[in-house]
Amino acid sequence: MSGRFVDGKWLSKEHWEADQGGAFKRQESRFRAWVSEPEAHRYHLYISHACPWAHRTLIVRRLMGLEAVVGCSTVHPLMGGDGWHFDGSDPHFPSADPLYASGHLKELYLRSDDRVNGRVTVPVLWDRKKECIANNESSDIIRMFSTDFRSLGRPLLDLYPEALRSEIDLVMDGIYQPINNGVYRCGFAQTFEAYTDALESLFSALDHWDRILKQQPFLCGSTPTLADVALFTTLIRFDAVYYVHFKTSKRHIYEFEGLWGFVKRFYRLPGIAETLHMDHIKTHYFASHRQLNPRGFVPPGPDVEAMLGLQ
Ligand SMILES: N[C@@H](CCC(=O)N[C@@H](CS)C(=O)NCC(=O)O)C(=O)O
């Protein structure tokens with residue numbers, strides 16, 4: 001974990017958000033403007049390939065065919081005391097800020113608000129015209145991309161059909177705390193009790209959705225929606241990272257028939273495989289969270305991409 005802003009001043013000391021019982025508390029996103037009349041080339045997306053929330057936005061940008069009208073840049077996978085950074089000279093993980101040549105993502109937060117508070121997170125949807133962050137909350141960005149940005153793109157799918165919106169919202173709310181945030185609640189718990197509570201709710205939610213996905217291909221029925229995007233980006237990181245790093249080691253996802261079938265099905269949708277960068281994912285988690293893994297060693301396997309390529 002890295003530092004955070006307090007009234008525009010950067011504190012690089014690691015800061016752990018926890019409640020009184022030692023449970024991890026995720027901060028609310030700070031920039032929440034809703035872009036209802038988007039213009040082509042006005043918005044730029046900053047992501048990390050490691051981050052499941054940012055991965056959601058990359059997938060939806062791809063499935064809504066927005067690549068030509070919403071630019072995208074990625075940060076370097078290693079996150080230090082100054083937070084996410086850019087490094088155009090790293091041949092293995094090239095990353096640069098094409099708009100301002102920033103060294104760190106926090107510079108963009110400060111450009112947006114010189115009294116900004118809180119952590120510096122990805123994804124960031126940048127407004128090039130107003131030169132500030134429009135929105136840094138993935139659940140807003142993926143909904144905007146699927147609705148108001150729709151006419152700018154060449155959509156391959158309708159990920160947020162009107163008739164299913166309330167069901168999709170309900171499912172996304174339902175998987176957020178036990179699963180998407182749940183893996184972090186396991187990994188960042190400050191007490192054993194908070195860890196076992198998080199683990200229990202994670203696995204009871206996984207069992208529940210495993211049963212459903214044995215009966216139907218996607219969370220809300222027969223076609224993929226935003227709820228599936230949200231589940232996929234957590235499940236695809238689970239066996240290679242969370243299982244070891246966050247100690248979610250009760251079972252692998254590949255041991256659940258319904259969930260693993262779903263991961264394979266989603267991975268084979270057009271363009272999805274290219275959005276997955278397992279080297280960024282493993283390097284980021286294992287080598288950046290030194291409080292969980294002090295030596296920063298990146299363990300091998302399981303090779304999830306090879307497993308997904310089979311049958
Ligand atoms: N609620 C946000 C969460 C984003 C988030 O927490 N991103 C993490 C990466 S997985 C981050 O940038 N963390 C940096 C930090 O906390 O210092 C969203 O869904 O967009």
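**Helix α1 and its partners**

Modeller: Helix α1 (residues 52-63) packs with helix α7 (residues 226-245) at an angle of about 130°, and their axes are 9 Å apart. Axes are lines fitted to C-alpha atoms, for helices over the stretch in contact, and angles run from 0 to 180 degrees between N-to-C directions. Helices (H or I, at least four residues) and strands (E, at least two) are DSSP runs, numbered from the N terminus. This is a predicted model: local features need pLDDT of at least 70, side-chain atom pairs count only at pLDDT 80 or more, and totals for chains, interfaces and linings use all residues. Residues are numbered from 1 along each chain as its sequence is written.

Biologist: What does that make α1 relative to α7?

Modeller: Angles under 35 degrees count as roughly parallel, over 145 as roughly antiparallel, 65 to 115 as roughly perpendicular and the rest as oblique. The angle here is about 130°. That makes α1, relative to α7, oblique.

Biologist: How many residues of α1 are buried?

Modeller: A residue is buried if 20 or more other C-beta atoms lie within 10 Å of its own, exposed if 12 or fewer, and partly exposed in between; C-beta atoms are placed from the backbone. Trp53 and Leu58 are among the buried residues of α1. The helix is largely enclosed by the rest of the structure, because the buried count is 12 of the 12.

Biologist: How far apart are the end C-alpha atoms of α1?

Modeller: The expected span is 1.5 Å times one less than the number of residues. For the 12 residues of α1 that should be 16 Å, and the end C-alpha atoms agree, at 16 Å.
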